[in-house]
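Trainee: I would like a close look at one part of this model, the aromatic rings. Please take me through them in one connected answer.

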Amino acid sequence: MKPAVTLHPGQLASDPSRVVAQLFLPGEGVASTHSRAAQIVQRVLAVEPEATAALAAALLEDFGTRHVDTPGILRANASAVGSRVGANAAVLSADEAIVLGASFTAEYAIEGAALCNPSVVEHPDQRDVGPGRLRVAVALRAIGEGHLSCIEFCEAIIGPGEHWTFLPRPTPPATATVTPGRWHADRLRNSLEYENQLNELSSWALEALPAEFTADDVERAILSLPAELVHHRDTLEGMSTLRAMVSSAYEAEFDPASDLGQRVLLPAAVEEHHGMEDARFVRFTDDTGGSEYRATYTAYDGRDIAPRLITSPDLRTFAVHRLSGPSARNKGMALFPRLVGGSHLALARTDGESISLARSDDGFGWSDPTVIHVPTEPWELVQTGNCGSPIETDRGWLVLTHGVGPFRVYSIGVLLLDLDDPSIVLARSSQPLLRPTGSNRNGYVPNVVYSCGGIVHEGTLWVPYGIGDARIGVFSTDLEELIDSLEPVAEAARR
């Protein structure tokens, strides 16, 4: 029997007023015989001082409250085109810097197109929540102009009882300070080897690097190359590959004064410049009892996709790193919340249509996958995959799944995996737990209900989910009733 599912009121809708300011280079990407930037700089500097002062004041009055530190953003963008100012750069007035920076700044509505695919974890701050309640952090996929995605956050309170309340999202949105990430030499070696780039150049660089390093250390290693390698015909391409791989890791830190609901992780690495999609957050606990937040997400560079890893102790500072190995090559990786049998585990979908299990020694390099569930039911004829990290229960690992059926209808189902050997599927849902019906059918992408992770609180499974890739809803169901409703998988079918 299908368990009772409660759809809760209070949906979270996309808000086009949530904007960030970004560097804007007019004509970028368009072939031209002259620089538009140089022409714009000349026009700005030709304005009379009184008019410049009036325009600067008007810009700050109009845009000042729409961003965190608007003057600082404009001065930084003015500095970014400083080479076009020439000798005048050192004597720019404060007003000229504001007007010049604003001429190379554009607002981007981070969720101007859609808001979807949430995952939920326990909030790091549970002070003053009250009995029977749990404060949670919800990661969201925000889609803006050009269908570009980023990751942002909101907060909600579960309880008391059967209540879910989204908390107001403060403004303005806050962006992070991005700095180069740190690598371990063995991880770089594994990544180079997996991509068939472990050659004489990269081997020399690895020998010259310390055990832990940044992109600056790589540049110093390249400078130490023997002349014979520097002038070899393959060296230039090898240098480019090495630099691109190392620069793909970065750290993002938000101001401590910022609220979680303000924080926006924008694409920073080349391989994610066309989107950071479907982050699946989980609170990972190691064998010593220490914990941190981890998430996998899909990076899109405009042509290729790749799963990447986010780690964070507090959802304020984030380390972002690439993953490697046969299982790190498709959408929808989801990490287990702890080691199992001494290994990191993850669910993946390496063949594009089935759910598989991957293992890792360090959480960065992932093994060949083992398929554990293939499309079986009519509502998953096209493909299936996970809807977030497995949830540990005393009866097994509970896995929310998505199934894609005829007319590309996305529904949500369930698997139950063995606690000690998650490659064994103990039971599954024969009918969807939730399917798009009624108003849940309509949106930016019709006929889709989709989640990137749920959470259990006081015996109830809570699942925020995307509706038509346009807005966020929430449903809940009794955990024990849900597991009891699953159809056992015959032992012969597990092999």
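Trainee: Are Y465 and F475 buried or exposed?

Mentor: Y465 is buried, and F475 is buried as well. Keep in mind that this is a predicted model. The structure contains eight aromatic pairs. One of them is formed by F336 and W397: the ring centres are 5.1 Å apart and the planes meet at 75°, which is over the 60 degrees required, so this pair counts as edge-to-face. The two residues come from distant parts of the chain, 61 residues apart. F336 sits in the loop between β18 (334–335) and β19 (344–348), while W397 belongs to strand β24 (residues 396–405). F336 has a relative accessible area of 2%, so it is buried. W397 is buried too, with a relative accessible area of 0%.

Now return to your pair. The ring centres of Y465 and F475 lie 5.7 Å apart with their planes at 55°, so this pair is tilted. Y465 is part of strand β29 (residues 460–467) and F475 is part of strand β30 (residues 471–478), so the pair ties together parts 10 residues apart in sequence.

Rings can also be linked into a group. Here ring pairs join F153, F254, F281 and F318 into a cluster. A ring may also have a charged residue over its face, as with F284: R294 lies over that face, 4.0 Å from the ring centre.

Terms used: Residues numbered from 1 in each chain as written. Predicted model: local features only at pLDDT ≥ 70, side-chain atom pairs only at ≥ 80, totals over all residues. Heavy atoms only, no water. Phe/Tyr/Trp six-rings, centres within 6.5 Å; stacked < 30°, edge-to-face > 60°. Helix = DSSP H or I, 4+ residues; strand = E, 2+ residues; numbered from the N terminus. Buried < 20%, exposed > 50% of the residue type's maximum accessible area, 1.4 Å probe, protein only. Lys NZ or Arg CZ within 6 Å of the ring centre and 35° of its normal.
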